[in-house]
Amino acid sequence: MKAIISDMDGVIYRGKQLIPGANEFVQRLLAEQVPFLFLTNNAEQTPLDLKLKLEYLGIRGLTEENFITSAMATAMFLKQQKERATVFVVGGGGLINELYNVGFSISESHPDYVVVSKTTSFSFEQMKKAVRLIDGGAKFIGTNPDMIDPVEGGNEPAAGTILAAIAAATGRQPYIVGKPNALMMTLATRKLGVHPEEAVMIGDRMDTDIVGGMEAGMSTVLVLSGVTTRDMIDQFPYRPQHVFDHVGQIDPHLL
């Protein structure tokens with residue numbers, strides 16, 4: 001039986017609503033001791049925040065070890081590059097917490113990296129500092145490329161929008177760790193202690209979840225409970241191995 005790496009938004013829930021069959025799917029993974037991780041490009045929330053969110057929606061039995069966020073993946077990646085680095089952060093507490101966890105310090109004085117994620121407190125002053133530090137030699141890192149996030153009542157700007165502003169001002173493109181970068185998928189399999197060919201990626205987006213899983217060497221499962229519809233699959237030059245209406249239809253033994 002393969003290890004499961006699953007997206008969250010559009011797979012387990014939409015907004016504040018659980019997707020039908022999601023709780024049953026998670027309880028089956030727990031009962032049958034299937035190795036699994038929830039993977040999200042959200043860099044604002046910690047694993048504890050995500051665990052509490054799922055508990056609020058009715059999913060019990062999870063621990064913080066069941067989650068990997070783009071903030072965690074970014075911290076893991078940067079630690080591999082340089083021990084005890086200094087970082088200037090455009091982002092929230094979730095990202096800062098993960099960087100502290102790997103032994104980094106936050107600094108505005110000649111940092112090694114400028115790390116950018118979505119933050120509701122983004123300001124012109126932050127952008128000005130980030131631009132000057134990147135111009136001064138700091139390496140430009142983004143947690144994830146999402147341009148917008150769906151919220152109740154429409155969409156709001158996400159990390160990619162902030163990255164685009166800083167990229168326009170510096171003439172530099174960021175290195176982005178989160179999906180669709182297969183690096184994040186590889187870090188997830190490493191966290192589970194399995195090889196990519198022993199894992200399956202479940203997601204609702206062809207352009208992030210499925211392509212990232214495929215490029216990392218995993219099997220892929222598309223669920224139609226989020227962004228991608230069945231009609232959209234043929235628009236892409238690659239296909240998922242399996243397609244289901246929602247996770248409640250998935251039997252982990254058959255993947």
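The crossing of α5 and α6 is right-handed, where a right-handed crossing has the near helix turned clockwise from the far one by less than a right angle, and a left-handed one has it turned anticlockwise. Helices are DSSP runs of H or I with at least four residues, strands are runs of E with at least two, and both are numbered from the N terminus. The model is predicted, so local features need pLDDT of at least 70 and side-chain atom pairs count only at pLDDT 80 or more, while totals for chains, interfaces and linings use all residues. Residues are numbered from 1 along each chain as its sequence is written, and side-chain values use heavy atoms, with hydrogens and water left out.

The table gives the axis values for two helix pairs; axes are lines fitted to C-alpha atoms over the stretch in contact, and angles run from 0 to 180 degrees between N-to-C directions.

| Helix pair | Axes come within | Crossing angle |
|---|---|---|
| α5 (residues 124-135) and α6 (residues 159-170) | 10 Å | roughly 50° |
| α3 and α4 | 9 Å | roughly 30° |

The angle makes α3 roughly parallel to α4, whereas α5 and α6 are oblique to each other. Angles under 35 degrees count as roughly parallel, over 145 as roughly antiparallel, 65 to 115 as roughly perpendicular and the rest as oblique.

α3 passes α4 in a right-handed crossing. On the α3 side the contact (heavy atoms within 4.5 Å) uses Ala71, Met72, Ala75 and Leu78, and on the α4 side Gly94, Leu95, Glu98 and Leu99. These residues divide into 6 nonpolar, 1 polar and 1 charged. Ala, Val, Leu, Ile, Met, Phe, Trp, Tyr, Cys and Pro count as nonpolar, Asp, Glu, Lys and Arg as charged, and the others, Gly among them, as polar.

In the other pair, Met127, Ala130, Val131, Ile134 and Asp135 of α5 meet Ala165, Ile166, Ala169 and Thr170 of α6. By class, this contact has 7 nonpolar, 1 polar and 1 charged residues.

α3 (70-81) and α4 (93-101) each supply at least two residues of the lining of the second largest pocket. Among the lining residues are Met72, Ala75, Glu98 and Lys191. The lining has 5 nonpolar, 2 polar and 4 charged residues.

A cis peptide bond joins Lys179 and Pro180, with omega about 20°. Pro180 sits in the loop between β12 (175-176) and α7 (182-192). Gln33, in the loop between α1 (22-31) and β4 (36-40), has a positive phi of about 55° although it is not a glycine.

Methods
On a 1 Å grid over the protein atoms alone, a cavity is a set of points where a 1.4 Å probe fits but cannot get out, and a pocket is an open set with protein on both sides within 12 Å along at least five of seven lines; lining residues have an atom within 4 Å of a point.
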